[in-house]
Amino acid sequence: MTRVLVVGAAGRMGDALVRALAVSSELRLTAALEHATHSRLGSEVAPGVKLGSDLRAACAQADVAIDFSSPSSTLALLDHAESLGLPLVIGTTGLKGDADERIARAAKRLAIVRAANFSLGVTVLLEFVAEAARRLEGYEIDLLEMHHDQKVDAPSGTALALARAAAEARGQDLQRDAVYSREGITGKRKPGQIGVQALRLGDSIGEHTVYFAGPGERVELAHRALSRDNFANGALTAARWVTGRTPGLYSMRDVVRRG
Ligand code: NAD
């Protein structure tokens, strides 16, 4: 059985991961990490596994770590994982600054699967969006995403990944062409713009729609997450896949494609 550390174990995704691990025949939860101030610290999340905050000790008890926590926690995990050669599955979004380079550097020594969305549906949707962006030449692209009111980053990592897929398929630079808000006298839409808008309300687990508008028609490619179980199951698939893999930075597409 592969031993698994879950980082952010008392969170919404942590809870889904702990439940999915409880019924896994190949993976076993051996360490559960939480923020040092969490009210449930010390409580049992699975038989014999208590919520702890000692990162070094937790990493030493695992063959692979699954991280759905916060950007600063992900970076701290990277440091420890790198020194131990511990493979990682990173689901945390909202990482900024040089975090991408930091992850790429760690991936020279570690196998890492990183995805803004671990569902099979979004993994496939990314390919559909790239294909539509290529084939619907000249069609305007905008994207709308909706998440629960507790989400702390916007737009979602999934929205950015979808927008990037569309931009790259057209040879565009998302950093230059993305528009994250429109207000006031904005002027007409500029060619090549990719609008990305975020709604934050209620308890939506995550909904994304990519719009392609051309003369007299509009194509909409949409994904709606109906539970967190699909993310958790995808992350477990990635954890099995990445354990024992040669160092590198992998995506869910790699996991799904290479089997
Ligand atoms: P959440 O706030 O419910 O859970 C995050 C947990 O991490 C909290 O319990 C928090 O206390 C804990 N945490 C914070 N700092 C920590 C630290 N230093 N050490 C250990 N634990 C720490 O959030 P959530 O909805 O579970 O989402 C977590 C992250 O995963 C977010 O970045 C979210 O955007 C992302 N997410 C990704 C996917 C995906 O498929 N990639 C899906 C859902 C959510």
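Residues are numbered from 1 along each chain as its sequence is written, and side-chain values use heavy atoms, with hydrogens and water left out. As the model is predicted, local features need pLDDT of at least 70 and side-chain atom pairs count only at pLDDT 80 or more, whereas totals for chains, interfaces and linings use all residues.

Two packed helices are described by the angle between their axes and the distance between the axes. Helices here are DSSP runs (H or I, at least four residues), as are strands (E, at least two), and both are numbered from the N terminus. Axes are lines fitted to C-alpha atoms, for helices over the stretch in contact, with angles running from 0 to 180 degrees between N-to-C directions.

Helix α1 (residues 12–22) and helix α8 (residues 229–242) have axes that come within 9 Å and cross at roughly 60°. The two helices α1 and α8 are therefore oblique to each other; angles under 35 degrees count as roughly parallel, over 145 as roughly antiparallel, 65 to 115 as roughly perpendicular and the rest as oblique. The crossing of α1 with α8 is right-handed, a term for the near helix being turned clockwise from the far one by less than a right angle, with anticlockwise giving left-handed. Contact (heavy atoms within 4.5 Å) is made by Met 13, Ala 16, Leu 17, Arg 19, Ala 20 and Leu 21 of α1 with Asp 229, Phe 231, Ala 232, Asn 233, Ala 235 and Leu 236 of α8. These residues divide into nine nonpolar, one polar and two charged; Ala, Val, Leu, Ile, Met, Phe, Trp, Tyr, Cys and Pro count as nonpolar, Asp, Glu, Lys and Arg as charged, and the others, Gly among them, as polar.

In the pair of helix α3 (residues 71–84) and helix α4 (residues 99–106), the axes come within 10 Å and cross at roughly 15°. Helices α3 and α4 are therefore roughly parallel to each other, and their crossing is left-handed. The contact includes Leu 75 and Leu 78 of α3 and Ile 103 of α4; its residues comprise five nonpolar, no polar and four charged.

Helix α5 (residues 120–135) packs against α6 at an angle of about 35°, with the axes 7 Å apart, in a right-handed crossing. Among the residues that meet are Leu 125 and Val 129 in α5 and Ala 161 and Leu 162 in α6. Eleven nonpolar residues, one polar and one charged form this contact.

Turning to the ligand, 22 residues surround it, the closest being Arg 12, Met 13, Glu 34, Thr 93 and Lys 151, where a residue is near if one of its heavy atoms lies within 4 Å. A polar side-chain atom of Glu 34 is 2.5 Å from a ligand oxygen atom.

Most peptide bonds are trans. A cis peptide bond, with omega about -10°, joins Ala 154 and Pro 155; Pro 155 is found in the loop between β8 (140–147) and α6 (157–169).

Terms used. Polar contact = N/O pair within 3.5 Å; in protein donor to acceptor, adjacent residues only side chain to side chain.
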